[in-house]
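The exercises below ask you to read a model step by step. Try each task before turning to its solution.

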Amino acid sequence: MGNVHVLDHPLIQHKLSYIRDKNTGTKEFRELVDEVAMLMAFEITRDLPLEETTIETPVTTTNTKVLAGKKIGLIPILRAGLGMVDGMLKLIPAARVGHVGLYRDPETLKPVEYYIKLPSDIEERELIVIDPMLATGGSANDAIQSLKNRGAKNIRLMCLIAAPEGVEVIKEAHPDVDIYLAALDEKLDDHAYIVPGLGDAGDRLFGTK
Ligand code: PRP
Ligand code: URA
């Protein structure tokens, strides 16, 4: 089974409180999501493997370490995942970015895929699927399946907030995928919104509605 990691760094938790607050406006919401994404990128990359290299400092030759192994691909789920990309790129600037466009049909609550554009070498990359919200899990489940259908082998999922229902869906459908969260909330409401959650992530990021 994939592991669930709640990233409880105090700065992440502090900023998440302001993100949740309904009185936080679009500009501040966007800035805070960007900052939290950067902090989460720091935590999620903690286990990346290193390899030895030799360099010359101005003083001497020395053995030191650089990142080894797989290159990273960031896969935001449109729209709201876009709000987390720049923050992550601040720490992982060489990452490639692929996009999966999905929206949740308000009637059926099922995800509808309308766009996909990925780096050509996704099978060689460590992919991080990014979406602020994991509610029913339908969108992330579909996005991950789309990536696997195209050859992806190493996938992690990073969300700000998840409902237990969504986590269970991903654990069941994709036991190979580790999930990284800033918070695991209580439940879904009757409209499949996360409680307490933060409302509609896309609308709050982009000032729609
Ligand atoms: C939101 C959110 C997730 C999805 C989560 O997107 O950003 O992608 O809902 O819900 P789920 O786990 O039940 O699938 P939405 O469908 O509102 O589209 P948007 O990002 O374009 O606003
Ligand atoms: N999508 C959102 O943006 N928010 C939720 O709470 C659930 C799905």
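**Exercise 1.** In which loop is the place of Arg79?

Solution. Arg79 sits in the loop between E4 and helix H3 (85–91). The names come from DSSP runs, numbered from the N terminus, where helices (H or I) have at least four residues and strands (E) at least two.

Before going on, note the conventions. This is a predicted model, in which local features need pLDDT of at least 70, side-chain atom pairs count only at pLDDT 80 or more, and totals for chains, interfaces and linings use all residues. Residues are numbered from 1 along each chain as its sequence is written, chains are lettered from A and ligands numbered from 1 in the order in which they are written, and side-chain values use heavy atoms, with hydrogens and water left out.

**Exercise 2.** Describe the peptide bonds from Leu78 to Arg79 and from Val195 to Pro196, and the phi of Leu109.

Solution. Start with the general rule: most residues other than glycine have a negative phi, and most peptide bonds are trans. Step one: the bond from Leu78 to Arg79 is cis, with omega near -5°. Step two: the bond from Val195 to Pro196 is also cis, with omega near 0°, and Pro196 belongs to the loop between strand E13 (194–195) and H6. Step three: Leu109, which is not glycine, has a positive phi near 65°; this residue is in the loop between E6 and strand E7 (111–117).

**Exercise 3.** How many residues surround ligand 1, and which are the closest?

Solution. Count a residue if one of its heavy atoms lies within 4 Å of the ligand. The count is 14, with Arg104, Asp131, Thr136, Gly137 and Ser139 the closest. Sort them next: 6 are nonpolar, 5 polar and 3 charged. Here Ala, Val, Leu, Ile, Met, Phe, Trp, Tyr, Cys and Pro count as nonpolar, Asp, Glu, Lys and Arg as charged, and the others, Gly among them, as polar.

Then list polar contacts (pairs of N or O atoms within 3.5 Å). An oxygen atom of ligand 1 is 2.9 Å from a side-chain N or O atom of Arg79. For Ala80, a polar backbone atom is 3.1 Å from an oxygen atom of ligand 1. For Gly137, a backbone N or O atom is 2.8 Å from an oxygen atom of the ligand. Alone, ligand 1 exposes 500 Å², and the protein buries 90% of that (Shrake-Rupley method, 1.4 Å probe).

**Exercise 4.** Which residues surround ligand 2?

Solution. The residues are Arg104, Met133, Ala135, Ala192, Tyr193, Ile194, Gly199, Asp200 and Ala201. By class, 6 are nonpolar, 1 is polar and 2 are charged. Backbone contacts follow. Oxygen atoms of ligand 2 lie 2.8 Å from a backbone N or O atom of Ile194 and 2.8 Å from a polar backbone atom of Ala201. A nitrogen atom of the ligand is 2.8 Å from a polar backbone atom of Gly199. The protein covers 88% of the 240 Å² that ligand 2 has on its own.

**Exercise 5.** Which residues lie nearest the centre of the largest pocket?

Solution. A pocket is an open set of points on a 1 Å grid over the protein atoms alone, where a 1.4 Å probe fits, with protein on both sides within 12 Å along at least five of seven lines; lining residues have an atom within 4 Å of a point. Among 29 lining residues, Tyr103, Arg104, Ser139, Tyr193 and Asp200 are nearest the centre.

Conventions
A polar contact is a pair of N or O atoms within 3.5 Å; within protein, one must be able to donate a hydrogen and the other to accept it, and residues adjacent in sequence count only if both atoms are side-chain atoms.
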